[in-house]
Every structure is written in C-alpha cells, then in structure tokens.
Amino acid sequence: MANISRISRQIVKGLPYLKKELARDLSIRTGMVLTAPVTYYIIFSGKCNLACSFCTIYKEPDPILTEETMLRLVREAKELSGSGFNISLSGGEPTIYKPTYSSMALARELGVNFGMTTNGLALTKDNVKRILGHDPFNINISLESVDPEINEKLRPGRFSTQRTLQGIANLLEEKKRTGARVSVIVKPTITEINFHTLPDLVRHFGKEGPVQVNFQPFVGSKDDPHWVKNLSGFAGMVKELKSLRDDGYPIIGDDETLDGFVHYFENPPPEGELPHLDLNGKKRNCDIGLRSMFIYPNGDAHFCDFLKKPIGNIHQNSLREIFRGETADRQRHHMVNCSIDCQQTCKRKSSLMSKATAFLKMG
C-alpha cells in the first residue's frame, strides 16, 4: 500500500514533466519552440577534492561562479521553465562549494527541483542532514566499483571507496528517517579498468532497492588506457547487466542504451574526432536544444558542448534571452540532422518509457 501511495505521488509530480515532453515532441514536429528546458546543468568550477585518473576538470579551479550568480540562475530558471524542471549542480565537487547550500535553500523556497553530482566523500551524517534539510530532488554519486582496489585506481584517495559507500549509507538512513523525497543514483563511468566489476556494483545495492544505477562510458581516445579494448568481455558484461535489470535490479537504461555502449567502443572515431552514427540519411531530430542548458564556470551557455559553440553568456544575457535567442534557434535547426554519438547520460536521448520508468522509481 505504501508503495502504491508513493507511485501515485510520483505520477502527480511527473505531470509537468510529461507536459514538457509532449510540448518538446510538438516543437520537433513544427519547428517552433513551444517548451522550455527540463534540466539546467550548472558546472560551478573544476574545484574538487579528488584527482580522478580519467578526469582533467580538477586542474581548472578557476573561474568559479559566485553565490550571487548562482542565486540569479535559480531565479531565472524558475522564470523560464515554470514547473517540471530541475537544476543539476556539478563541478568539481558541489559539497565543498559554499553557494551549493544557499542555492538549495532558494530552490526549495521557489519550488525548484535541485540536485547535484558528488563523489560522496563529504556525505557525513551531519552534512547529509544539512543537505536533506533543503529537500533536494536527487543526488548522483560517482562511484566506479565497490572493489576498493579497482575504484581507487580510478579515484585515488585513502579509503575513498569506503567513505563513498558510507556516504551513500548515510543518505539512505537519513532519507528513511525523515521520509525525504531525494532520489539516490550511482553513476559509474565505464572503462577498461572497471567494467568487469560493474555487475557486482549493481548487486551490491540490491534488487528493487532504493539506489538506481546509471552508466555512462569513458569519453576519450581509443589509445587511452581507460578505453574498453576487451570487446568480447565487455559485450558479455552488458548482457549480464540487461539480465540483472530484467530481474528487478534498478538499472537505468533500455536495451538500446546498453547496446549502444557496445557499439560505441566497437567503433572508435579517428583521433581527434567525435564518434558519429550512420543515420542513412534520416533525421535524428536531436532535442537537446529543447530540453537542456549547460552553464559553465566562465558563464558560457551551451546546448551541447560537443558543438563547441556557446549560445550565449549568462554575464551578458538572462537565461530566457539566451534560450529564445537567434543563436539558440540556429543551433536547434542544425541539431535536427546531428549524428554525433553522444553517450554521456546528460546528453543522450532517452525514450519516454525509459524516462517514465526511472522517474517512477525515484523519490
């Protein structure tokens, strides 16, 4: 009965998102912008308390978005998107960024869904109480393996695996104690080093459990040691993930998404180029220009950083002016035929059914 009640609440919460989904589909069909962003990805800075082997952003602590700018972005996102949207803060490490907490407080006051992506090292019991006190929408935790030897090859740090797992446990304990709506999502990056341990990571968090797992592949050169080279072993692992998902383990992603990882690693792009799909002359109708905005520490706003062309800068214009501007319209027109194989979770297109299934498991 409690689960039915929770799902009913999720359906009600999901109606504004569904409205935007339908408006986005109509926008694609008509060529008119009839919707507003569903997700604002804000990267405050590269400032971090880890130096992961597959990441370079920690080398770029400056520039950094000020608290004044962060609060303005929360207000402007509310003005532009109304309801049925969320702000996702990342870096760098949000838990060591002071404006994270004032931004969450304002978001709660305005009825804005606010979440973050963290490495989990700072999710102590006291800090978790502070964070959940602001009623966050979701918390994504970066974790590459539950095997410390593997995880700490990728995320070097004394006892970092133990600390992250304890942070997740602290989140779940406080969520249960307070009845918080926060969704807890573990986000591993798939590499040659850790892929064979990923089914065990899924099993660790349990069948029908409160933690969802959302995979994304390493993005980089095929000559990089993180690029998956054991393709037969990787394909077998993906098959195992699909079996676990079908058996009730909360993995986000349909067959097309999971099989897409195999295709991605099997077809590496030429050096210095992005991977592309063979669309056989068909329009892909990429909708990222209707559903997302990425804000970077220097203030540049992008629909997709793979295009390497900002649509504006928040220090010069409001989010509404940027989203409704001519530059944004030109990029949206180009994206209709875009063939870039974008595998990152924040960029790749998902089916409505896949989104609905993940949303109903949240909260």
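Glu 174 sits in helix α6 of this predicted model. The residue is charged, yet it counts as buried, because its relative accessibility is 9% and the cut-off for buried is under 20%. Setting aside residues up to four places away in sequence, Glu 174 touches Val 128, Lys 129, Leu 132 and Gly 179.

Helix α4 covers residues 125–132 and helix α6 covers residues 160–178. Their axes lie 9 Å apart and meet at an angle of about 50°. That angle makes α4 oblique to α6. The crossing is right-handed. By type, the contact holds five charged residues, three nonpolar and two polar.

Arg 158 is exposed, because its relative accessible area is 68% and exposed means over 50%. Its C-alpha atom is 9.9 Å from that of Pro 148, ten residues away along the chain.

Now turn to the nonpolar core. In soluble globular proteins, nonpolar side chains tend to be buried together. The largest nonpolar core here has 87 residues. Ile 87, Ile 190, Phe 215, Phe 234, Met 293 and Leu 319 touch the most other members. Helix α2 (residues 67–81) supplies the largest share, six residues. Take Ile 87 from that group. Beyond its neighbours within four places in sequence, Ile 87 contacts Tyr 40, Ile 42, Val 74, Ala 77, Val 112, Asn 113, Phe 114 and Gly 115.

The backbone has some points to check. Two peptide bonds are cis. The bond from Asp 62 to Pro 63 has omega near 0°, and Pro 63 lies in the loop between β1 (39–43) and α2. The bond from Gly 91 to Gly 92 has omega near 20°, and Gly 92 lies in the loop between β2 (86–90) and α3 (99–110).

Asp 135 has phi of about 55°. Asp 135 lies in the loop between α4 and β4 (138–141) and is partly exposed, at 26% relative accessibility. Lys 308 has phi near 60°. Its place is the loop between β10 (300–302) and β11 (312–313). Lys 308 counts as exposed, at 68% relative accessibility.

Technical notes
Residues numbered from 1 in each chain as written. Predicted model: local features only at pLDDT ≥ 70, side-chain atom pairs only at ≥ 80, totals over all residues. Heavy atoms only, no water. Axes fitted to C-alpha atoms, helices over the stretch in contact; angles between N-to-C directions. Helix = DSSP H or I, 4+ residues; strand = E, 2+ residues; numbered from the N terminus. Parallel < 35°, antiparallel > 145°, perpendicular 65-115°, else oblique. Left-handed = near helix turned anticlockwise from the far one by under 90°. Core = buried A, V, L, I, M, F, W, Y, C linked by side-chain atoms within 4.5 Å. Buried < 20%, exposed > 50% of the residue type's maximum accessible area, 1.4 Å probe, protein only. Contact = heavy atoms within 4.5 Å.
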